[in-house]
Amino acid sequence: MGSLFLFTSILSLFSCVSTKSTTSEAEDLFSEQTYIPETFVWTEFEDFPCISFYDFVSENNDFPVKYHLIKIDLKNSNLKLVSYPQNYSEKHGTKPKSLSDFAQEQNCVVAINTNPFSRTIFSQKIKGLFAPEGKILSAPEERYASLVFLKASESYLKATIIPSQNEFSAIKDAKAAFGGFFSVLQDKTPLNFAIKSYDRRSAAGVSEDGSILYLLLVEENPGLSYQQCAKLFLNLNCESALEFDGGSSAELYLNGKTFPQKFYKVPQATGFGFAKR
């Protein structure tokens, strides 16, 4: 498995690149009914009911969408937020680690990749804001968004999404922040992007009061666009949403399984998850 890990590192020398739009582009090729169900039927974990999941597989052969959603009630004192790496040097980067290795080391129920990054054979350099304990280890980038966890009480957290990582310095009581690419939903309004592309996606959405966090993994063939992800989160009654590093980097870990399922491990620069206290 070590040789496969190194092989995938060599193959993936560059991180994903996305372009933000300042225009209002054409409508999606397919209606919302193609990828958004009438009702989301959630399945709770029996021994951890604050986390539930929903899997979607489209019945439309012209647009065979498949995605996985996680719903996390942050108002639960048994949730423990964990992340990697805990130490980072912008000069030397960080050693790659697969999402599944991190999740199993930390006994996570759920975990997801976050920041985009650049790679060499032996290290990865994080792009954008990364503050796993509230302390900035990787500098903010103004054009990128970030998921921020705040102290809501002595026993639990709440979440918010800032459309520009430069806003982080003004936030008090921040417990952690994980950068991504762009905000796709702000104040319950989907944003527009100049380029409409369909790809594998890794994303997060937050309820208006910050108590509910949604994690999304869209599998490819064809995947979803940023605009479609925004509409999906809007139908979940999210107030805001952002995209993490997508494409070949997009991964979700859930209760021992990694999505999309592969025969090799993907090297990641950053990620976070939830374990039991």
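**View 1. The largest pocket of this predicted model.** Here we look into a pocket holding about 350 Å³ of space. Its lining counts 20 residues, and L79, L81, L157, K175 and R277 are the ones closest to the centre. By class, the lining residues split into ten nonpolar, six charged and four polar.

**View 2. Strands that line the largest pocket.** Strands β4 (79–84) and β12 (174–179) each contribute at least two residues to the lining. The top contributor is β4, which supplies five residues.

**View 3. An open sheet of four strands.** Follow the strands in the order β9-β12-β10-β11, and you will find antiparallel pairing. At the edges stand β9 (130–131) and β11 (157–162); each has a single partner strand, so one side of each is left without a neighbour in the sheet.

**View 4. The pairing of β10 with β11.** Zooming in on the sheet, we see β10 (residues 146–151) run antiparallel to β11, with six bridges between the two strands.

**View 5. S240 and its surroundings.** This serine belongs to strand β17 (residues 238–243). S240 has a relative accessible area of 5%, so it counts as buried, the cut-off being under 20%. Its side chain makes a polar contact with the side chain of E239, at 3.3 Å. Setting aside neighbours within four places in sequence, S240 is in contact with I161, L185, A204, G205 and V206.

Note on methods: Residues numbered from 1 in each chain as written. Predicted model: local features only at pLDDT ≥ 70, side-chain atom pairs only at ≥ 80, totals over all residues. Heavy atoms only, no water. Pairing = 2+ DSSP bridges. 1 Å grid on protein atoms, 1.4 Å probe; cavity = no way out; pocket = protein on both sides within 12 Å on 5 of 7 lines; lining within 4 Å. Points joined across faces, edges and corners; volume = space filled by probe spheres on them. Nonpolar A, V, L, I, M, F, W, Y, C, P; charged D, E, K, R; others polar. Buried < 20%, exposed > 50% of the residue type's maximum accessible area, 1.4 Å probe, protein only. Polar contact = N/O pair within 3.5 Å; in protein donor to acceptor, adjacent residues only side chain to side chain. Contact = heavy atoms within 4.5 Å.
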